[in-house]
Amino acid sequence: MTIIDTTATTTAITVVLPEPFEERWSRLPGIQVEGRRITIDPAEYFFRFESNTWLVADWELVKSQLLEVDETTESAVEQLALDFIKAHATSTSDAARVLATAYEMYAYLFREEHLASFGLPKITTEHLRMLREAATLMALNKVELDGHISNVGPCWFFPAATSVVFDLDDETGGMLDEVYHGGWFNEHRRIEAIKAHAALGGRLVHGCQSVPDQSGGVVAPYGASMANFRDDLAQFKAGWIDQVYAHRVTGPAA
């Protein structure tokens with residue numbers, strides 16, 4: 001059952017992205033994929049939908065004014081990102097803009113040139129596509145400054161959602177989850193991710209340390225209460241993970 005705040009619009013969200021999405025995303029309730037066009041019915045798609053505003057910054061501006069800036073002894077990369085967000089991010093109720101921004105950002109973070117260097121031979125070009133698509137949809141999840149989780153969709157639970165959509169076994173789903181929240185496993189890529197996520201108005205945080213816990217993640221505003229975030233997450237995650245897995249195709253793949 002979706003928790004809908006009456007002040008949040010339930011108008012359908014439609015976006016046309018640069019590349020076609022996997023049509024099996026339509027296995028999940030409330031989402032329809034037709035090539036590059038994605039339509040989301042908030043009342044069906046979200047487990048909790050209490051806010052229809054998000055903080056975003058222009059991706060082209062992030063690329064030109066932040067990605068190439070180096071941290072110094074006076075200004076760490078997190079401070080650079082925070083200052084950029086304060087100067088350039090704006091609140092929007094246009095969910096399509098959020099999805100379009102997220103797609104461009106994750107196309108950058110999960111780009112094919114990394115395949116030769118990140119030391120994970122099992123990761124393929126197709127896996128990068130899965131990461132880009134799932135992370136794009138996760139951009140609609142939201143955490144408030146007080147740590148309350150206001151928006152939760154099935155892509156909060158990354159291994160569960162990707163197993164439904166891409167027919168992944170648990171091992172492969174877990175491997176992708178590790179790549180997603182591991183920041184590519186080195187400092188260079190962590191720094192890259194911090195800068196890039198300024199386009200979504202915050203930093204990527206997770207409720208778990210490893211795959212078995214599957215507590216998901218979200219781009220949260222700097223300063224959000226992580227204690228409240230943890231406590232809120234603990235209240236709902238088990239039941240909603242089960243609901244996502246319920247949409248797995250157990251017979252011949254559809």
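E133 is buried, with a relative accessible area of 2%; here buried means under 20% relative accessible area, exposed means over 50%, and partly exposed is in between, using a 1.4 Å probe and protein chains only. Keep in mind that this is a predicted model, in which local features need pLDDT of at least 70, side-chain atom pairs count only at pLDDT 80 or more, and totals for chains, interfaces and linings use all residues. Residues are numbered from 1 along each chain as its sequence is written, and side-chain values use heavy atoms, with hydrogens and water left out.

What does E133 pair with? E133 forms a salt bridge with R129, and the closest N and O atoms of the two are 2.8 Å apart. A salt bridge is a side-chain nitrogen of Lys or Arg within 4 Å of a carboxyl oxygen of Asp or Glu. Both residues sit in helix α5, 4 residues apart, which is about one turn of the helix.

Now step back to the whole protein. It has 9 helices and 11 strands; helices (H or I, at least four residues) and strands (E, at least two) are DSSP runs, numbered from the N terminus. Of its 254 residues, 52% count as buried. Contact means heavy atoms within 4.5 Å, and among the contacts with a separation of 6 or more, 72% are between residues 24 or more positions apart.

How many salt bridges does the structure hold? The total is 15. One of them joins E192 to R111, with the closest N and O atoms 2.9 Å apart. E192 lies in helix α8 and R111 in the loop between α4 (95–109) and α5 (125–138), so this pair ties together parts that are 81 residues apart in sequence. Both E192 and R111 are buried. The side chains of R230 and D231 also meet in a salt bridge, at 3.2 Å from N to O. R230 is exposed, with a relative accessible area of 54%, while D231 is partly exposed at 39%. Elsewhere, salt bridges that share partners join E22, R24, R27 and D167 into one network.

Let us turn to how helices pack. Two packed helices are described by the angle between their axes and the distance between the axes. Axes are lines fitted to C-alpha atoms, for helices over the stretch in contact, and angles run from 0 to 180 degrees between N-to-C directions. Angles under 35 degrees count as roughly parallel, over 145 as roughly antiparallel, 65 to 115 as roughly perpendicular and the rest as oblique.

Take α5 again, this time with helix α7 (residues 170–181). Their axes come within 11 Å and cross at roughly 65°, so α5 and α7 are roughly perpendicular to each other. Their crossing is right-handed: a crossing is left-handed if the near helix is turned anticlockwise from the far one by less than a right angle, and right-handed if clockwise. On the α5 side, H127, M130, L131, A135 and M138 meet T172, M175, L176, V179 and Y180 of α7. By class, the residues of this contact divide into 8 nonpolar, 2 polar and no charged; Ala, Val, Leu, Ile, Met, Phe, Trp, Tyr, Cys and Pro count as nonpolar, Asp, Glu, Lys and Arg as charged, and the others, Gly among them, as polar.

Compare that with helix α3 (residues 77–88) and helix α8 (residues 187–196). Their axes come within 9 Å and cross at roughly 15°, which makes α3 roughly parallel to α8. This crossing is right-handed too. Here V77, E78 and A81 in α3 meet R190, I191, I194 and K195 in α8, a contact with 4 nonpolar, no polar and 3 charged residues.

Finally, look at two single residues. Y106 lies in helix α4 and is buried, at 2% relative accessibility. Its C-alpha atom is separated by 7.0 Å from that of A135, 29 residues apart along the chain. Leaving aside neighbours within four places in sequence, Y106 is in contact with R132, A135, T136, Y180, H197, L200 and V219. N228, in helix α9 (residues 226–245), is partly exposed at 38% relative accessibility. Leaving aside its neighbours within four places in sequence, N228 is in contact with D146 and G147.
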